[in-house]
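Hi,

Here is the structure I promised to pass on. Have a look at it first, and then read my notes below.

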2 protein chains.
Amino acid sequence: MADSWGDLERRVSDLHALEGAIAVLSWDRETCMPPKGARARIAQLSALQAAVHEKLVSPALGEALAMCETERDPERAAAVRELSRERSRAIAVPERLVRALAEAQGASLTAWRDARERSDFGAFAPHVERLLALRREMAACWLPLLPRAAGEPEPEPYDALLEGYEPGMRVARLAPILERIAAWLAPLVARVAAAPPPDDGFLRGRFDADAQWDLTMELLAMVGFDLDAGRQDRSVHPFSQGIDAGDVRLTTRIFEELPLSSLYGTLHEAGHGLYEQGLPAEVAGGVLAAAPSMGLHESQSRLWENLVGRSLPFWEALLPRMARRFPERLAGVTPQRMYAAVNRVERSMIRVEADEVTYNLHVVLRFGLERALLRGDLAVKDLPGAWSDRMEALLGARPRDDAEGVLQDIHWAWGELGYFPTYTLGNCYAATLFAAIRRARPGLDDELRRGELGGILGWLREHVHRHGRRFGAEELVRRATGTGLDDGDLRAYLEGKYGALYGLG
Amino acid sequence: MADSWGDLERRVSDLHALEGAIAVLSWDRETCMPPKGARARIAQLSALQAAVHEKLVSPALGEALAMCETERDPERAAAVRELSRERSRAIAVPERLVRALAEAQGASLTAWRDARERSDFGAFAPHVERLLALRREMAACWLPLLPRAAGEPEPEPYDALLEGYEPGMRVARLAPILERIAAWLAPLVARVAAAPPPDDGFLRGRFDADAQWDLTMELLAMVGFDLDAGRQDRSVHPFSQGIDAGDVRLTTRIFEELPLSSLYGTLHEAGHGLYEQGLPAEVAGGVLAAAPSMGLHESQSRLWENLVGRSLPFWEALLPRMARRFPERLAGVTPQRMYAAVNRVERSMIRVEADEVTYNLHVVLRFGLERALLRGDLAVKDLPGAWSDRMEALLGARPRDDAEGVLQDIHWAWGELGYFPTYTLGNCYAATLFAAIRRARPGLDDELRRGELGGILGWLREHVHRHGRRFGAEELVRRATGTGLDDGDLRAYLEGKYGALYGLG
């Protein structure tokens with residue numbers, strides 16, 4: 001047994017090392033690579049991806065996994081389970097399809113950028129058709145692999161894609177949750193919209209870029225992000241990239257007229273990064289050093305960005321620090337005024353600019369459209385109209401044009417169908433985890449007021465990070481909080497917070 | 001034929017792509033990687049190196065090469081020749097030896113840093129013994145591969161190592177050249193040492209780091225380094241890293257008390273970088289996009305650093321630009337005074353701080369000792385004594401201790417035996433190439449005075465860079481200049497320049 005495991009571990013460590021190399025090259029592409037390096041970078045990344053794929057589908061790895069099937073150590077057994085799942089999905093898709101998708105993605109991204117610029121969905125539609133067809137083919141390859149419990153409804157193509165982002169989640173479970181969220185969000189949004197908006201005039205004007213950068217670095221220190229095991233840089237789109245628990249890289253972007261952008265961008269990416277720094281790289285050959293799902297990963301960024309970062313006690317700690325850097329802008333602003341300003345609710349047409357109340361309605365919209373596309377209930381040419389109608393039903397307003405509507409997200413341009421729901425699952429998990437932290441730490445608000453965030457990080461390390469993907473996302477959250485996936489904590493949080501903020505009875 | 005070549009090209013492009021990935025990870029390690037990322041980086045680099053090695057020695061590549069043996073296109077034929085050479089050398093060394101060397105290198109580097117700090121060669125000696133033994137074993141693997149012409153003397157182990165850095169070069173050819181150089185350098189050094197040194201007092205004092213950085217960026221623009229196909233960063237030790245002709249990365253280091261360090265560091269690395277940017281990435285599957293030898297690569301850095309950068313007409317262009325950034329330091333300094341100051345000759349015990357006159361004596365010293373070690377004529381324990389004796393004979397002074405003597409270079413700590421001579425070969429080639437440029441461009445000094453360096457770069461692009469490793473180094477230089485490897489141009493340059501500078505009759 002020991003030798004079988006050793007053999008598996010050696011194979012896996014090479015696989016991980018190559019994945020780490022991919023992560024370095026991907027980060028470098030967005031931060032350091034000169035423009036003329038792009039062509040070679042495509043070749044480098046595709047050679048590495050081919051090498052990873054080759055190792056993953058190799059019969060030798062299959063044999064090594066088979067030898068460890070009866071592994072009793074629970075962490076090793078989980079590692080065998082996760083690797084086998086990854087390997088089966090990789091084997092199920094023919095090489096031809098993988099290559100066709102990669103080619104279609106490349107062409108589609110360029111077309112999408114052009115189409116968005118000219119706000120012309122028609123020019124982009126053929127690419128969506130092509131990617132949709134390829135994703136349907138892939139879904140057909142993966143459908144037979146989905147584990148089925150007795151009594152469960154027949155899985156649909158959407159399930160096969162969802163499984164890649166949120167293992168174990170099914171449309172039959174997800175759709176009712178999203179419908180329920182939309183049902184209690186609609187009246188909340190309507191009542192908030194009828195109330196007078198908070199004053200955020202003091203956030204207009206110029207906030208020096210260097211001072212913003214210094215504030216984001218101070219934020220990273222506050223939340224406990226280890227700068228000996230990571231770094232922050234500037235990039236066009238903020239992102240986080242885990243290379244290893246000892247090497248986690250964040251980026252942020254700075255607009256001098258939008259001081260909250262760098263601040264919340266950094267907090268969001270730091271949430272992802274703290275998770276990556278806490279993953280169990282030393283356990284079971286490092287196989288478990290990954291999130292069990294995208295939703296759980298997102299819960300970590302949302303928890304720090306929203307539950308911590310948009311709370312009143314946290315602003316009591318942060319405002320003096322921020323005001324020291326922008327004295328002429330923030331003189332006389334109270335934590336309560338800042339708290340109201342950073343939680344201003346607006347019917348934004350753009351998802352990435354949406355507040356935490358309306359955000360989930362954007363996800364509901366996309367989920368419904370994606371599912372209809374995959375089932376064949378909606379034709380690609382009818383997408384813009386369906387988008388506008390549904391947006392009006394959900395948010396009470398229609399986008400002015402395609403750029404503000406159906407063309408806004410990169411996901412479909414990349415053929416990423418089934419991903420959006422993980423954002424709302426992340427919001428649910430974040431609310432549930434934060435409620436548990438609050439129960440476990442009765443003095444939490446005082447900690448926040450003092451800017452002491454180590455207690456929150458310690459709890460997350462202990463109950464979330466160190467497990468990696470040993471358990472599924474829902475099982476992990478249930479073990480940590482007593483509650484599985486549920487929108488109850490999110491509802492209590494949003495209704496409580498915004499009811500008070502907007503003086504709703 | 002076309003299909004055979006296509007098959008080879010596909011295999012080679014993957015190999016190159018993985019080598020490019022290694023280059024990115026190596027650069028990142030020295031510039032961006034956080035300290036705790038080091039452990040994972042070792043695993044990433046060794047997995048990539050294993051993947052490259054596996055592809056290089058694979059029977060499939062051997063078959064693809066065999067199918068192209070009769071390739072008539074001269075560039076493709078050269079590519080087949082170079083790949084076959086690389087492959088034979090890779091196959092000749094058993095895996096066990098490669099791994100043993102990598103392990104010994106790791107341990108040795110740490111021991112060398114400690115030993116140098118304490119100036120204690122005794123603590124480092126066992127590592128030299130070990131690395132020497134491994135290199136001897138490798139040399140024995142490679143000796144049978146050396147092409148032999150009729151009448152040539154029996155090759156020795158040193159030849160097998162030298163071939164890895166300077167293909168085609170043999171000790172029987174190299175030793176007399178180095179002896180000759182030492183013979184004409186000795187009297188030049190003695191006469192210069194007897195003359196009064198130039199005044200360089202105006203280079204003492206603080207030169208602001210940001211202004212130095214800006215000057216190095218201006219220098220890069222002057223020499224024509226394409227910043228859309230590369231970048232410059234700061235690092236502890238300056239280096240250049242070619243990832244692709246479209247992605248070449250330089251580093252420099254800045255000391256506020258040593259303004260020439262960043263300036264000449266940048267010019268030196270830019271010389272390497274301009275070469276890399278000019279390599280034929282589009283030709284013969286990119287196989288030829290490499291230097292034919294380390295000596296020729298070094299000739300490019302030396303040419304820009306010394307032949308251009310330490311010339312009087314160049315300083316007529318550079319001094320006003322530099323003085324604009326440091327007006328209080330350089331007011332009243334003339335180009336002639338600066339020219340004298342940057343060419344100050346000193347009997348430095350440290351190679352990397354040596355001027356261009358004494359530099360080659362350092363190389364002569366190391367070549368003699370390395371050769372004696374490999375032949376078994378010198379015991380490792382006797383190295384420090386032999387070093388001091390030989391240094392006194394060559395430079396007229398002895399190092400104070402091991403740190404200033406035998407422990408100063410990283411090369412032996414890395415087991416790199418046979419590399420040093422390429423520095424002097426680079427100096428010879430640089431002088432020969434520059435003499436040819438001067439013949440081809442009668443107005444060269446006026447171009448330099450105006451800061452117009454495009455003519456030099458254009459000549460190098462045409463006669464050196466675009467050929468990559470299509471020809472061997474000496475053949476390439478002969479085609480470009482009419483002269484092969486010879487110390488005549490170097491001698492004329494150094495004796496002429498320093499004779500005038502130091503007023504030697």
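**Where the two chains meet**

Across the interface of chain B and chain A there are 12 residue pairs in polar contact, both residues at pLDDT 80 or more. A polar contact here is a pair of N or O atoms within 3.5 Å; within protein, one must be able to donate a hydrogen and the other to accept it, and residues adjacent in sequence count only if both atoms are side-chain atoms. On the side of chain B that touches chain A, α1 (2–31), α2 (38–57), β1 (230–234), β2 (240–244) and β3 (247–252) of chain B each supply at least two residues. The element that gives the most to that side is α1(B), with 10 residues. Those labels come from DSSP runs, numbered from the N terminus: helices are H or I with at least four residues, strands are E with at least two.

Before you go further, keep in mind that this is a predicted model, where local features need pLDDT of at least 70 and side-chain atom pairs count only at pLDDT 80 or more, while totals for chains, interfaces and linings use all residues. Residues are numbered from 1 along each chain as its sequence is written, chains are lettered from A and ligands numbered from 1 in the order in which they are written, and side-chain values use heavy atoms, with hydrogens and water left out.

Back to the interface: 35 residues of chain B are in contact with 35 residues of chain A, contact meaning heavy atoms within 4.5 Å. Together the two chains bury about 2,600 Å², 57% of it on carbon and sulfur atoms. (Buried area is the accessible area, with a 1.4 Å probe, that two parts lose on being put together, summed over both.) P34(B), K36(B) and Q44(B) supply 19% of the area that chain B buries against chain A, more than any other three residues.

How are the copies related? A rotation of 180 degrees with 0.0 Å of shift along its axis puts chain B on chain A, with an RMSD of 0.0 Å. So the pair is related as by a two-fold rotation axis. The same surface serves both copies, as 100% of the contact residues of chain B recur in chain A. The superposition is by least squares on the C-alpha atoms of residues with pLDDT of at least 70 in both.

**Salt bridges**

The rule asks for a side-chain nitrogen of Lys or Arg within 4 Å of a carboxyl oxygen of Asp or Glu.

One to look up is D247(B) with R41(A), whose closest N and O atoms are 3.5 Å apart. R41(A) also meets D28(A) in a salt bridge, at 2.9 Å from N to O. That pair links helix α1 (residues 2–31) and helix α2 (residues 38–57) of chain A, with D28(A) in α1 and R41(A) in α2, 13 residues apart. Both D28(A) and R41(A) are buried. Buried means under 20% relative accessible area, exposed over 50%, and partly exposed in between (1.4 Å probe, protein chains only). D28(A), R41(A), D247(B) and R249(B) are linked in a network of salt bridges.

Another salt bridge joins R469(A) and E86(A), with 2.9 Å between the closest N and O atoms. R469(A) sits in the loop between α19 (454–463) and α20 (473–481) of chain A, and E86(A) in helix α4 (residues 74–92) of chain A, 383 residues apart. R469(A) is buried at 8% relative accessible area, while E86(A) is partly exposed at 23%.

**Two more places to look**

F239(A) is in the loop between β1 (230–234) and β2 (240–244) of chain A. With a relative accessible area of 17%, F239(A) is buried. Among the residues it touches beyond four places in sequence are W27(A), E30(A) and L250(A).

Helix α7 (residues 157–165) of chain B is mostly covered, with 7 of its 9 residues buried. What covers those buried residues includes α4 (74–92), α6 (121–142) and α8 (171–194) of chain B.

Cheers
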